Amino acid sequence: MLVFAMLSVLLAACGFQPMYGGRMAPQMAAIYVEPIPEREGYELRNTLIDILNSDGSQTGKRYRLQVTLRESSQGIALQNDATITRYNNTLEASYVLSDAKGTVLTQGAEKELSAYNVAQSPYATLVAEQDANKRAAQDIAERIRLSLGAWFRRNRP
């Protein structure tokens, strides 16, 4: 217990402040995440809405986040009969944060690689692929949140 108290004092002395608590939370919640048409876009948008603490509604939002996705898949492991047994999927997201007037505030891109094995059952393979894509979308959402949090922290609009 004493160790935690000492660490708290040291962190306070160095100027450390949590990125998402306090003053940052209202700004992050004021972001409207525009719909993303791809299947992984649905997962990405819902994850962003959750982690930004937004309600998914356009009404009253000061910022708009537009995300564009690009997906690719590549077979990377082969059996002796040239059957692919493993795939790498790449999910690339480009995002633009703008204010209510449409002025671009910041933009960036994130890329995530996910992999899955091909199973004997087509259903099991489909489930593995969907799970890999879901994890990739969630990871990208977290990194976008970090980037936006850092931008808000630097710029304090």
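Which residues does Ile 31 touch, not counting residues up to four places away in sequence? With contact meaning heavy atoms within 4.5 Å, Ile 31 touches Leu 52, Ser 54, Lys 61, Tyr 63, Leu 65, Leu 97, Leu 148 and Phe 152. Keep in mind that this is a predicted model, where local features need pLDDT of at least 70, side-chain atom pairs count only at pLDDT 80 or more, and totals for chains, interfaces and linings use all residues. Residues are numbered from 1 along each chain as its sequence is written, and side-chain values use heavy atoms, leaving out hydrogens and water.

Ile 31 also leads us to the largest nonpolar core, which has 25 residues. Such a core is a set of buried Ala, Val, Leu, Ile, Met, Phe, Trp, Tyr and Cys residues joined through side-chain atoms within 4.5 Å, where buried means under 20% relative accessible area with a 1.4 Å probe, protein chains only. Among the residues with the most contacts inside this core are Ile 31, Leu 44 and Leu 148. At least two core residues come from each of β1 (31-33), α3, β2 (63-78), β3 (84-99) and α4 (122-155); these are DSSP runs numbered from the N terminus, helices being H or I of at least four residues and strands E of at least two. With eight residues, α4 gives the most to this core.

Now follow strand β2 to Tyr 63. Tyr 63 is buried, with a relative accessible area of 3%. Its C-alpha atom is separated by 9.7 Å from that of Val 104, 41 residues apart along the chain.

Finally, look at helix α3 (residues 39-52), the place of Glu 40. Glu 40 touches Leu 69, Glu 71, Leu 91, Asn 133 and Ala 137, not counting residues up to four places away in sequence.

Definitions and conventions. Buried < 20%, exposed > 50% of the residue type's maximum accessible area, 1.4 Å probe, protein only.
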